Amino acid sequence: MGAIVFDRSRRLLLVRRGRPPGEGLWSLPGGRVEPGESDAEAVAREVMEETGLAVSVGPLAGTVDRPAPGGGVYEIRDYLAEVTGGVLAAGDDAADARWFAPEELPRLPLTSGLLEALTGWGVIGPPSGSSATG
């Protein structure tokens with residue numbers, strides 16, 4: 001599960017992964033659903049653990065499949081969420097947590113497919129100079 005969180009300036013919350021998979025890459029805050037948790041509960045818990053921010057989880061933005069160790073597949077569901085409290089600070093397996101303007105994303109080392117998913121779901125516009133059609 002992942003959270004798509006914007007601040008009042010429409011900057012996107014990203015975390016730099018501190019451990020594999022994706023160590024050193026920027027991604028949405030998120031992680032696994034624990035037994036007995038709903039998606040919303042898992043998203044809120046993971047955002048708090050990784051960023052120190054409390055969020056209200058909204059609708060599903062989209063779903064992607066990513067390769068998992070051993071030839072498996074992770075199904076990742078990303079939800080829109082709004083900050084309701086807390087103070088931004090990297091925690092848990094996040095090496096850093098920051099807000100980024102959408103136009104900064106193409107210059108960052110992002111996890112594979114993140115930019116394409118966010119633009120494909122209409123969460124952010126296509127990168128400047130993109131010839132994407134829709």
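Author: The lining of the second largest pocket comprises eight nonpolar, two polar and four charged residues (Asp, Glu, Lys and Arg count as charged, Ala, Val, Leu, Ile, Met, Phe, Trp, Tyr, Cys and Pro as nonpolar, and the others, including Gly, as polar). The model is predicted: local features require pLDDT of at least 70 and side-chain atom pairs pLDDT 80 or more, while totals for chains, interfaces and linings take in all residues. Residues are numbered from 1 along each chain as its sequence is written, and side-chain values rest on heavy atoms, without hydrogens or water.

The volume of this second largest pocket is about 240 Å³ (the space filled by probe spheres set on grid points joined across faces, edges and corners). A pocket is an open set of points, on a 1 Å grid over the protein atoms alone, where a 1.4 Å probe fits, with protein on both sides within 12 Å along at least five of seven lines; lining residues have an atom within 4 Å of a point. Phe6, Asp7, Ala81, Glu82 and Val83 are the closest to its centre among the 14 lining residues. Strand 4 and strand 5 are the elements that contribute two or more residues to this lining (strands are DSSP runs of E, at least two residues, and helices of H or I, at least four, numbered from the N terminus).

Strand 4 (53-67) and strand 5 (73-86) each also supply at least two residues to the lining of the largest pocket, as do helix 1 (39-51) and helix 2 (114-120). Strand 5 gives the most to that lining, with four residues. The largest pocket has a volume of about 970 Å³ and is lined by 34 residues, with Arg17, Pro21, Gly31, Tyr74 and Ile76 nearest its centre. By class, its lining has 15 nonpolar, eight polar and 11 charged residues.

Three further residues complete the surroundings. Trp121, in the segment after helix 2, is in contact (heavy atoms within 4.5 Å) with Ile4, Ala61, Gly62, Thr63, Val64 and Asp78, leaving aside neighbours within four places in sequence. Trp121 is classed as partly exposed because its relative accessible area is 25%, the class between buried, under 20%, and exposed, over 50% (1.4 Å probe, protein chains only).

Leu110, in the loop between strand 6 (94-100) and helix 2, has a relative accessible area of 16% and is therefore buried. Beyond four places in sequence, Leu110 touches Leu14, Leu25, Trp26, Leu105 and Leu115.

Arg10, in the loop between strand 1 (2-5) and strand 2 (12-17), counts as partly exposed because its relative accessibility is 47%. Not counting residues up to four places away, Arg10 touches Pro102 and Val123.

The UniProt record, in an unreviewed entry, places "domain: Nudix hydrolase" at residues 1-124; such annotations may be inferred rather than shown by experiment. Over residues 1-124 the chain is 16% helix and 39% strand, with the end C-alpha atoms 19 Å apart.

The chain averages a pLDDT of 91, and 95% of the residues score at least 70 (pLDDT is the predictor's confidence in each residue, from 0 to 100). Over residues 130-134 pLDDT stays under 50, and the model has one contact there beyond four places in sequence. Where pLDDT is low, predicted coordinates should not be read in detail.
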